[in-house]
Amino acid sequence: MSMLENKTGIVFGVANHRSIAWGIARAWADAGARLALAYQGERVRDRVAALAAELGPEVPIIPCDVTDDAQIDAAFETCRRHFGRLDLMLHSIAYAPKEALEGRFIDTSREAFRIAHDISAYSLVALARAAAPLMTEGGSILALSYYGAEKVVPHYNVMGVAKAALEASTRYLAYDLGLSRIRVNCISAGPVNTLAARGIAGFVDMLKHYEAKAPLRRNVTLEEIGATATFLASNGAAAITGQVIYVDAGYQIMGM
Ligand code: NAD
């Protein structure tokens, strides 16, 4: 039996074929899960529809801007009607105004701080609250973080602080939802060349730095992140919750 046979899930954060969410959606679908894809904005609708068709003939695509509670409720109502219940949810969403990812952290405006935290961290709480009632047989919620949550990565700035909030939220959600057998974990991924990543000043240098300094002397692939996400979603990870799992070619262990 495939690892995610008979499981249903919703994936937030596919923008294009480079998205980490797409790597995970493909891996979850290959492992037997039936999925819905939620996307932000008409701009990406056609692209997401084409990707959904690659996963199978009946993959709903659902518009959802996570700053809007009504759209979140509507997205999960679509899941309820389509699947009846849910087992998996992926949160692969982050955003901060571009100017906040360029200069000094100390210059972060109140508004940029608010937006980054709302979209990149609070949305996990809102989505988990909406998903939980559908996870009637337990479930697995997964979010994407980055090393800038725990160490200073120049230019990552307010996004690092938002990721710290995301990781702490993961632990609190894991506690709240544990009795319902819903697990909540983060993958902290090494740098991957995506749309969001290219918004960070000096991102290409980050890729080169990992290649030179990570124990495995290379960057990670979407397939590798997808494989770990499949394990975390599977019954094999039944006792793992509230954790941040590094998929970063080992970079996180280095001191110098
Ligand atoms: P991406 O640009 O492909 O994905 C980011 C997604 O966030 C997009 O699909 C975008 O539509 C969505 N989004 C932004 N604002 C939204 C809103 N208001 N409502 C709904 N969706 C919204 O880039 P990615 O690199 O695949 O990013 C996915 C996740 O992975 C993010 O949390 C990111 O921080 C994390 N991550 C990325 C890297 C990397 O190097 N690429 C490394 C570690 C963690």
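Is cysteine 64 buried or exposed? I looked this up first, and cysteine 64 is buried, with a relative accessible area of 5%; buried means under 20% relative accessible area and exposed over 50%, with partly exposed in between (1.4 Å probe, protein chains only).

I note that the model is predicted: local features need pLDDT of at least 70, side-chain atom pairs count only at pLDDT 80 or more, and totals for chains, interfaces and linings use all residues. Residues are numbered from 1 along each chain as its sequence is written, and side-chain values use heavy atoms, with hydrogens and water left out.

**Cysteines**

I searched the whole structure for disulfides (pairs of cysteine sulfur atoms within 2.5 Å) and found zero. For cysteine 64, the closest cysteine sulfur belongs to cysteine 79 and is 9.7 Å away, so the two are too far apart for a bond. I then turned to cysteine 186, which is buried with a relative accessible area of 0%. Its closest cysteine sulfur, in cysteine 64, is 19 Å away and therefore too far for a bond.

**Ligand**

In threonine 194, a side-chain N or O atom is 2.5 Å from a ligand oxygen atom. Backbone N or O atoms also lie by ligand oxygen atoms, at 2.8 Å for glycine 13 and at 3.1 Å for alanine 196.

Terms used:
A polar contact is a pair of N or O atoms within 3.5 Å; within protein, one must be able to donate a hydrogen and the other to accept it, and residues adjacent in sequence count only if both atoms are side-chain atoms.
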